[in-house]
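I opened my notebook to look up a few side chains and rings. Here is what I wrote down as I went along.

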Amino acid sequence: MKNFLEIVEEIKSIVSTEFNGRKIYDKDVADILGISQMNFATMKKRNKIPFGELLDFCATKSISINWLLYGQSPESLVEATNRFFMVKYFGNVNASAGGGADADEEEAHGIEIPHEFVIMLGGERELKYIEAINVSGDSMEPTFSYNDIVFINRSKTDLQRGGIFTIRTEAGLFIKRIQKRIDGKIDIISDNQVYSTQTLDPSEIEVIGRVVSRFGSVD
């Protein structure tokens, strides 16, 4: 997959005709994607791909996301398109990596997954369990950042081995690292060490599913 800088240069090339020959700067790309210049600079430094914004950009420009991310020509995608993969994407649902979040109304849209990415989600047999949502907050930095799109496998709810899960408590919907204690209680852990660990009884937690990817592997 192309890195952040390569994708930015592709976007500059795509929109060049709209700037009447004027040089296109990074701040112009940030404006086009609807990203603040501060967040754009952070993404550039960390090579953090803004997948959600790129999906919107590609839809507006009628461009294949596979071409933008992987350089695959439309012709090379014909066979893959005949076997395209879709998962449910709840674009208005935000699982907090901070103070708790949820949505009053869950409306699902289809999000197309590149063929190369399906294996990261566990293979074709797992796709029926996969749903995608957004991240808000910073308590899971650097593992997840604000506006990341994460993929959840709703069939994986066993907390015995721990891992990163989407859970619901009385405070809202969260993405947290989960660890089961010897006494049976559950530690709710933030990767950002600024946040303290919370301990809850299993009866206080609804496990939505295990976070399996964010367009990349999850530790």
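I began with aspartate 183, which I found in the loop between strand E6 (172-180) and strand E7 (186-189). I kept in mind that this is a predicted model.

I then looked for partners of the aspartate 183 side chain. A polar contact of 2.8 Å joins it to the side chain of arginine 181, and it also reaches the backbone nitrogen of lysine 185 at 3.0 Å. I checked aspartate 201 too: it is 18 residues from aspartate 183 in sequence, and the C-alpha atoms are 9.8 Å apart.

**Lysine 12**

Next I turned to lysine 12 in helix H1 (residues 4-15). With a relative accessible area of 14%, lysine 12 is buried. Leaving out residues up to four places away in sequence, I listed Ile24, Tyr25, Asp26 and Val29 as what lysine 12 touches.

**Rings**

How many aromatic pairs does a search of the whole structure find? I got one. Phenylalanine 4 and phenylalanine 40 make an edge-to-face pair, 5.2 Å centre to centre with 65° between the planes. The pair links distant parts of the chain, 36 residues apart, with phenylalanine 4 in helix H1 and phenylalanine 40 in helix H3 (residues 37-46). Phenylalanine 4 is buried at 3% relative accessible area, and phenylalanine 40 is buried at 5%.

Last, I looked for charges over rings. The charged end of lysine 2 sits over the ring of tryptophan 67, 5.2 Å from its centre. For lysine 176, the charged end sits over the ring of tyrosine 195, 5.8 Å from the ring centre.

Technical notes
Residues numbered from 1 in each chain as written. Predicted model: local features only at pLDDT ≥ 70, side-chain atom pairs only at ≥ 80, totals over all residues. Heavy atoms only, no water. Helix = DSSP H or I, 4+ residues; strand = E, 2+ residues; numbered from the N terminus. Polar contact = N/O pair within 3.5 Å; in protein donor to acceptor, adjacent residues only side chain to side chain. Buried < 20%, exposed > 50% of the residue type's maximum accessible area, 1.4 Å probe, protein only. Contact = heavy atoms within 4.5 Å. Phe/Tyr/Trp six-rings, centres within 6.5 Å; stacked < 30°, edge-to-face > 60°. Lys NZ or Arg CZ within 6 Å of the ring centre and 35° of its normal.
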